[in-house]
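Dear colleague,

Please find below the structure that I am handing over to you. My notes on what was found in it follow directly after.

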Amino acid sequence: MTNNQFMFLLFSVVIVVFSLLTVTSRRILRAATFLLFVLVSTSGLYFLLRFNFLAAIQLTLYAGGIVVLIIFSILLTSHINEKLSIPPVTKRIYAAIAAVAGAVLCILTILQTEFVQKTFDPSRVDIHTIGEGMLSTGKYGYALPFEVISVLLLAAMIGSIILAKKRKD
Amino acid sequence: MFEGVPIHWFLVLSTVMFFIGIYGFLVRKNLITMLMSIELILNSVCINFVAFNKILYPGHLEGMYFTLFIIAVAAAEASVAIAIIINIYRRIVNIDVENMNEMKY
């Protein structure tokens with residue numbers, strides 16, 4: 001077993017176990033912490049694939065930003081010792097059947113598909129390349145989506161401020 | 001092939017994570033835990049994009065850009081969703097989905 005296989009298996013075990021704990025834990029703050037572990041090991045996978053910039057974005061934005069936002073809202077809306085109620089058995093069984101059936105179908109399809117896999121390119125992506133691709137308008141350029149995303153972020157910021165502020169009446 | 005790791009391993013991992021997120025979204029009642037399940041789903045899709053990009057198309061960067069955009073959209077979605085959740089908490093004191101059956105007061 002090579003180093004990369006070992007690291008991949010380690011990260012995937014962490015991801016699967018803590019994803020399961022995220023959706024089944026009865027204490028909501030613990031669920032958020034398990035989600036943090038899942039996101040950090042996902043960024044480990046990105047480091048394994050040599051996407052260093054993307055892994056850093058994942059760590060700062062997902063693990064640093066979104067999880068902190070979720071934890072803040074948990075602390076604002078629920079008591080720290082409160083336990084979530086256990087969902088009814090029939091609901092859990094139906095949801096598990098749906099999830100397992102979908103997963104089995106997708107995994108069977110994936111395993112039967114032949115992909116043309118290239119030899120691995122160990123070079124890291126240069127930050128200059130990323131920036132130029134992000135702002136170029138030519139082929140493989142992403143200037144328009146970049147601008148749309150920035151407008152979307154501005155709209156989301158204004159919208160969440162207006163939604164969360166206190167009403168006068 | 002990524003030094004002994006075929007792309008199928010990545011795809012199976014992200015499929016498992018995606019359907020764990022689906023299970024959580026169907027089972028949970030609390031709005032914040034449902035939001036966490038959605039984050040799991042988005043994250044599994046990101047793993048798919050990155051693996052396809054690096055293993056099948058090593059010279060390109062499309063999967064990376066899509067992942068960056070997904071992360072940005074997820075951040076926007078989380079902030080708006082949390083503003084809505086806090087607003088709901090202010091009106092009706094708990095945040096279970098079953099109590100939300102009116103759109104306007």
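Chain B has an average pLDDT of 88, and 94% of its residues score at least 70; pLDDT is the predictor's confidence in each residue, from 0 to 100. Among the elements of chain B, the mean pLDDT is lowest for H3(B), at 90, and highest for H1(B), at 93. Helices here are DSSP runs of H or I of at least four residues, and strands are runs of E of at least two, numbered from the N terminus. For the complex, the predictor gives an ipTM of 0.90 and a pTM of 0.90.

This is a predicted model, in which local features need pLDDT of at least 70 and side-chain atom pairs count only at pLDDT 80 or more, while totals for chains, interfaces and linings use all residues. Residues are numbered from 1 along each chain as its sequence is written, and chains are lettered from A and ligands numbered from 1 in the order in which they are written.

The contact between the chains takes 68 residues from chain A and 61 residues from chain B; two residues are in contact if their C-beta atoms, placed from the backbone, lie within 7 Å. On the side of chain A that touches chain B, H3(A) gives the most, with 13 residues.

The largest nonpolar core has 64 residues, and those with the most contacts inside it include Ala32(A), Leu35(A), Ile70(A) and Met36(B). Such a core is a set of buried Ala, Val, Leu, Ile, Met, Phe, Trp, Tyr and Cys residues joined through C-beta atoms within 7 Å. A residue is buried if 20 or more other C-beta atoms lie within 10 Å of its own, exposed if 12 or fewer, and partly exposed in between, with C-beta atoms placed from the backbone. H2(B) gives the most to this core, with 13 residues. Leaving aside neighbours within four places in sequence, Met36(B) is in contact with Thr22(A), Ala31(A), Ala32(A), Leu35(A) and Ile70(A).

In H1(B), 16 of the 21 residues are buried, so this helix is largely enclosed by the rest of the structure.

Finally, Ser41(A) is found in helix H2 of chain A and counts as buried, with 20 C-beta neighbours inside 10 Å. Apart from neighbours within four places in sequence, Ser41(A) is in contact with Phe11(A), Val14(A) and Ile15(A). Ser41(A) and Tyr140(A) are 99 residues apart in sequence and 29 Å apart in space, C-alpha to C-alpha.

Yours sincerely
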